[in-house]
Amino acid sequence: MLTLNLTPPFPVTLSKSTRSRHPVNASSLLNPDLLNRNHFQNPRFDRIGALTVKVHNFGSRYTYPIGFSSRLARQIHDSSTQANILHCPYQLCSKSGPYTTKAAASESEPSPEGEIAAASTTKDKRIQLALIFGLWYFHNIVFNIYNKKALNVFPFPWFLASFQLFVGSVWMFILWSLKLQPCPKISKPFIIALLGPALFHTIGHISACVSFSKVAVSFTHVIKSSEPVFSVIFSSFLGDTYPLKVWLSILPIVLGCSLAAITEVSFNFQGLWGALISNVGFVLRNIYSKKSLQQYKEVNGLNLYGWISIISLIYLFPVAVVVEGSRWVQGYHKAIESVGKSSTFYLWVLVSGIFYHLYNQSSYQALDDISPLTFSVGNTMKRVVVIVSTVLVFRNPVRPLNALGSAIAILGTFLYSQVTAKKPKKIEGEKEG
């Protein structure tokens, strides 16, 4: 039983009540007629349950004249659960008089449970972001290593590029068949809209594979870091305008790539042109996709890439047969002889195909979950990680000026991602190959 001392510790003098013809003092607060003139039918306090006035109404009417603050009310309420004070605070209410102080307090003060939930959500997002980037980088590193291993013993990039698209197509059909990925609705206009982006994707992919077969992986990626230069140039031709700082940001890219090309030990013109044409293909794919796929925004990135891979395979494989098909059998026997075990060669080719699709899948999922700026910065760092990893694995000789040129080009790519993110008309959804 909670006992309240209604005797004031010091004299209290209040202004004349507007509801009473008599002056109000501390002792008059014990008068039940004055406390609840509108609510009490029985002015006696013989039974505590007869007091039906709400304490918060009492406080608001008399401004807590004896120090009866809402803070004290909350403290008493929280510490008196055994007395069932949820509906009868201070044991001064009847069944018809619910208590609302706790609800008011919960509205005015942040809930500890809410703060914990918000902190947990932030932590989960950080873990998810780290996982996305980790898988994206890991898949890309594995693809580049095993793709180069296969090309070193089987130098037929058209075959490998076709096989990688084939693996990606089979992978997507499995996901759709098992309902692990919702299959998009297919229509004739949708397929027609994909023809252009798929064509440029095919050009970008095969050109990159040709470059990988001719020069070191690190050199190809340095040249491919110049993709923003082609993006700015082609977009300007199509009517987009860029501020001066964007044009200045691509100068380090041009300078760095030029320095890296001049000092590259494994320099080869076919490798250089393959990387440059790959940039053109992927830039045109991005530009064309924004124009032809605007009305298909309900298709997520993974499904979009899946259908692009299928159409690209239809484009590429017949040309691959014409270009180098007559040499595949002879090249296969040489590859087996070079490796020693056929299973090893099969493993290299299969892993390159699986991880080619996985790294593209990871990049599209990353683009769905993070901002374009974060994606651009992540893609820049991805090239650094891939370059360093392949140099360590294949022990490619790197000259000081070559390393300097690579660093300048990567820095220029980073600067470009920063300045374009602050453009009024931001380029969204661009994904580098």
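1. K179 counts as exposed because its relative accessibility is 74% (exposed means over 50% relative accessible area, buried under 20%, with a 1.4 Å probe and protein chains only). K179 lies in the loop between α6 and α7 and, although not a glycine, has a positive phi of about 60 degrees.

2. The model is predicted: local features need pLDDT of at least 70, side-chain atom pairs count only at pLDDT 80 or more, and totals for chains, interfaces and linings use all residues. Residues are numbered from 1 along each chain as its sequence is written, and side-chain values use heavy atoms, without hydrogens and water.

3. R395, in the loop between α15 and α16 (400-421), is likewise not a glycine and has a positive phi near 55 degrees. R395 is exposed, at 71% relative accessible area.

4. Helix α13 (residues 328-339) has 12 residues (helices are DSSP runs of H or I, at least four residues, numbered from the N terminus). Its buried residues are W328, G331, A335 and I336. Viewed down the axis of α13, they fall within an arc of 140 degrees, so they line one face of the helix (the arc is that of directions from the helix axis to the C-beta atoms). The face turned away from them carries the exposed residues V329, Q330, K334 and E337. Just after α13, G340 has a positive phi of about 105 degrees.

5. F154 touches W328, G331 and A335, among others (contact means heavy atoms within 4.5 Å).

Notes. Helices (H or I, at least four residues) and strands (E, at least two) are DSSP runs, numbered from the N terminus. The expected span of a helix is 1.5 Å times one less than its number of residues. Lists of a residue's contacts leave out its neighbours within four places in sequence.
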